[in-house]
Amino acid sequence: MALDGWDIDPTKVQAIVSTASGRTEGFEKDFPALGTELSEMAAASKSGPVMEALNGWAEKTVQPGLESVGGRLQTTFQGTMDAVNAYVLGDARMAGDAQDLIGTLPEDEQSARPHSPHGPVPQAL
């Protein structure tokens, strides 16, 4: 995917992350119910070996897997917001640095320099 420039809308990103995070909270709330249903399935089997196998599978596979999904989702959301915040901070620093440097240019060059509110755009190699 080619980038024509940096155009991150922090407010939109925050709204999307918030919506996605809210949806995953509902997903995580269902984890205990799944555990209860697995226990009920094991009890309904009325078979010691089946009950043991289901309980072992739930403890060793299902529960850690679900916890891992929840943790990874939260890490993804936090990482996304950390990246956007770093972009905003970097953009503000670059703008400040550029503003400071303009004063050091000769008078005739000061008005010739374009001023971008988003800082320099990375160029393709």
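## What you are looking at

This is a predicted model, in which local features need pLDDT of at least 70, side-chain atom pairs count only at pLDDT 80 or more, and totals for chains, interfaces and linings use all residues. Residues are numbered from 1 along each chain as its sequence is written, and side-chain values use heavy atoms, with hydrogens and water left out.

Out of 125 residues, 14% count as buried; buried means under 20% relative accessible area, exposed over 50%, and partly exposed in between (1.4 Å probe, protein chains only). If you look at contacts between residues at least 6 apart in sequence, 73% of them join residues at least 24 apart, with contact meaning heavy atoms within 4.5 Å.

Mean pLDDT (the predictor's confidence in each residue, from 0 to 100) is 80 for the protein, and 81% of the residues reach 70 or more. Among the elements, helix 3 has the highest mean, 88, while helix 4 (residues 107-110) has the lowest, 66.

Over residues 121-125, pLDDT stays under 50, and the model has four contacts beyond four places in sequence for that stretch. Where pLDDT is low, the predicted coordinates should not be read in detail.

## Helix 2 against helix 3

Helix 2 (residues 31-45) and helix 3 (residues 48-102) have axes that come within 9 Å and cross at roughly 165°. Axes are lines fitted to C-alpha atoms, for helices over the stretch in contact, and angles run from 0 to 180 degrees between N-to-C directions. The two helices are therefore roughly antiparallel; the cut-offs are under 35 degrees for roughly parallel, over 145 for roughly antiparallel, 65 to 115 for roughly perpendicular, and oblique for the rest.

On the helix 2 side, the contact residues include Phe31, Leu34 and Leu38, and on the helix 3 side they include Leu54, Trp57 and Val62. By class, this contact has 13 nonpolar, three polar and one charged residues. Ala, Val, Leu, Ile, Met, Phe, Trp, Tyr, Cys and Pro count as nonpolar, Asp, Glu, Lys and Arg as charged, and the others, Gly among them, as polar.

Met51 sits in helix 3 and is partly exposed, at 31% relative accessibility. Leaving aside neighbours within four places in sequence, Met51 touches Ala42, Ala43 and Ser45. Its C-alpha is 9.4 Å from that of Leu38, 13 residues away along the chain.

## The loop residue Lys46

In the loop between helix 2 and helix 3 you'll find Lys46. Its phi is near 50°, a positive value in a residue other than glycine. Most residues other than glycine have a negative phi. Lys46 is exposed, with a relative accessible area of 75%.

## Helix 1 against helix 3

The axes of helix 1 (residues 10-29) and helix 3 come within 11 Å and cross at roughly 170°, so this pair is roughly antiparallel as well. The contact residues divide into 12 nonpolar, six polar and one charged.

Thr24, in helix 1, is buried, with a relative accessible area of 10%. Beyond its neighbours within four places in sequence, Thr24 contacts Leu73, Gln74 and Phe77.

Notes:
Helices (H or I, at least four residues) and strands (E, at least two) are DSSP runs, numbered from the N terminus.
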